[in-house]
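Me: I have a protein model open and would like to learn how to read it. Could you take me through it step by step?

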Amino acid sequence: MIFLVVFILFSALIMRLGFLQIVYGDEYQRELKRTDAVTVSNTVPRGKMYDRNGNVIVDNSPLNAITYTRSQNTTQQQMLDTAEKLAKLISIDTSKIRDRDKRDFWLIKYPKKASKLITKAEQKKWDSKKVYQMQLQRIPASELNFSNEELKTIAILKQFNSGYALTPQIVKNNNVTPEEFAAVSQDLENLPGVDTTTDWDRKYVFGDTLKSVLGNVSSAQTGLPKDLAEQYLAQDYSRNDRVGTSYIEQEYENVLHGQKAEVKNITDPSGKVISTQVVNEGQRGDDLELSIDMDLQQQLEKIVEGRMWQQKQDPNSALLDRAYVVVMDPHTGEILSLVGKKIVTDANGKEVMQDDALGTFTTSYSVGSAVKGATVLTGYQTGAIHPGSEQLDEQLNIKGTPLKKSWKTFGLINDLTALQVSSNVYMWKTVIAMAGGQYVPGRPLDLNMKTFDTLRNYFGEFGLGVRTGIDLPNETPGVQGAGRKPGNMLDLGIGQYDLYTPLQLAQYVSTIANGGYRMQPHIVKEIREPDSTSNQPGSVIQEIEPNVLDRIDMKDSWIQRVQQGFHMVMQPGGTAYSYFQGASYDPAGKTGTAQAFYYGSDRSKWGTDVINTSLVGFAPFNNPEVAVAVLVPWAYSGTGTPLADLLGSDVFKAYFDLKKARETNGTTSTANSAANSANQTSGQ
């Protein structure tokens, strides 16, 4: 009986084995040989940036790097073991370790202790996620006092966990010493997933020059910005990809990012990588050729800094802390130079100069009489005045209002003279006529308040009070004054009510200079293919064409009339003549001063009465090739030097001197040489 039972059992077993082998044998054999192909992407260096003359502005600098790639089935304990070994070979920043990172590490490091933090009843009651959260909360604070070596392990483990499976994650790429690189390279067989490679970082060839506008790139450790992560992930980015986080780097991310390299990892059923195939070697990002002239940019920065430090010696200019210059091609909208400088107090209490080129389009100020060209043209358009109209420049005695007058009483003057000498009264009477009012000494003004909108609409056609459309994020449209009283309207007509940006002033004067076309400013001139064989820009992929945003609805003869008035400003009798006397380049422009309140870096002085100075101009008068806007907020209190006029003269001189030097030498650029003429001009 026993023998019979054993025989039957063995017969059943043999039949079962035969059944599995004959019926399912091929299927199980295929399962053993089954592999999965997982394609992962690796980042490539970003595109470079050049100036208009082919000088490299932003490059990629090679870096030694240590990476980690985890397999699909790597456990946390295995990662911890590798992190502990790696921590003995490299140094790493531990300052960004969070309390949560420490608690995660403790749970992995001490699993037996962690299990005692939760009762069996709680384990049955809660799901695994709830259990883990409660374990984190119940770790005693006394258990979180770690040694320096453990903190390094935590920082490394955090980097291990920040990437996807089978995707290399940067552990360290800043200041990897040759000793660290060699030590890790020699011990790779004991560090599963760890590798040594070459990475890159952004290199700013000209230091801080224009750096704020060039923008920043996220680090390999931070990857995608949290607020934009979902947007980038939808575009096939990985969480650890580096992307532009501000200004040019952000605005042209799709151009600079490049085509990522693709690698196909073949894994066995256990998730182990058994082979790797390169699908696509990738290509670094396309290059940008900016419209910026770095020779001119460097010279103008030195000029602005020199003039600011010089004027700060005047007690009346103690609050001076910033100045802006925009140089633009009035026919194409190309930005040739974008200069902003700000004086700040460092940690040691010392005043230092800081780049603030962003302020040229992100901050706005009262600019004064520089806008009077727009006021005169609006007067023509509305029929309030016509070319040649004469008005009496006199003190205005409006009931309930302090006497209003120009800086000097000019008597009977026409529109050209009003621009030349910067008559406030002429502009006020023009605005009164626009608003259907009539000035009678000693009586109040009865004005049509819709003229506020009329003025602002026409000013907007020149670019004043509206976004210019520059190819950079975060541009401000300026600030409109809140009140709508008759006096406010008069102040609007002389540039002392609404606030404008320096870039808006450049667009405004360019519109007058080129005959009435409001050009969209742009800082990128061309997009080019990357050239790996040289340090020069490659072939042109796309040229940024000039874009006309608007053609002002005014007669050509009217615009020419205002151009003539601007020319007279720089001639004998004009408000800027003393600064442009004898200029060979035949400039035209308009000066401006505005009463304002100080709201700069020194909060204790907020609300102090100050004077803003401005200047807009173009040259040569008969064939404008360059437009300039200068704005110096809080230039002085009481009386002082109109710094904008000084800077305007310096800027035009630097531009035409540089042009002459290039024509003489037969070159287009000297960006890497010392700007001696700039130093002499700035008085340093």
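Me: Let's start with a pair of side chains: what do Lys 605 and Asp 602 meet in?

Reply: Two short notes before that. This is a predicted model, where local features need pLDDT of at least 70 and side-chain atom pairs count only at pLDDT 80 or more, while totals for chains, interfaces and linings use all residues. Residues are numbered from 1 along each chain as its sequence is written, and side-chain values use heavy atoms, with hydrogens and water left out. Now your pair: a salt bridge is a side-chain nitrogen of Lys or Arg within 4 Å of a carboxyl oxygen of Asp or Glu. Lys 605 and Asp 602 meet in one, at 4.0 Å from N to O.

Me: Are these two residues buried, partly exposed or exposed?

Reply: Buried means under 20% relative accessible area, exposed means over 50%, and partly exposed lies in between (1.4 Å probe, protein chains only). Lys 605 has 38%, so it is partly exposed. Asp 602, with 31%, is partly exposed as well.

Me: How many salt bridges are there in the whole structure?

Reply: A search finds 35. One of them joins Glu 301 to Lys 341, with the closest N and O atoms 3.1 Å apart. To place them, note that helices (H or I, at least four residues) and strands (E, at least two) are DSSP runs, numbered from the N terminus. Glu 301 is in helix α14 (residues 294-311) and Lys 341 in strand β10 (residues 335-345), so this pair links distant parts of the chain, 40 residues apart. Glu 301 is buried because its relative accessible area is 7%, and Lys 341 is buried at 5%.

Me: Which residue forms a salt bridge with Arg 307?

Reply: That is Asp 650, and the closest N and O atoms are 2.6 Å apart. This pair also links distant parts of the chain: Asp 650 sits in helix α24 (residues 643-665), Arg 307 in helix α14, and 343 residues separate them. Asp 650 counts as buried because its relative accessibility is 6%; Arg 307 is buried too, at 15%.

Me: Which residues are linked in a network of salt bridges?

Reply: Look for Arg 46, Arg 202, Glu 249 and Glu 253.

Me: Can we zoom out now? How many helices and strands does the protein have?

Reply: It has 25 helices and 20 strands. The radius of gyration, taken over C-alpha atoms, can be set against the globule rule, which is 2.2 Å times the number of residues to the power 0.38. For 684 residues that rule gives 26 Å, and the protein's value of 35 Å is well over it, so the protein is more spread out than a compact globule. The C-alpha trace spans about 135 × 65 × 55 Å along its principal axes.

Me: What share of the residues is buried?

Reply: Buried residues make up 52% of the 684. Among contacts between residues at least 6 apart in sequence, 72% join residues at least 24 apart.

How values were computed
Contact means heavy atoms within 4.5 Å.
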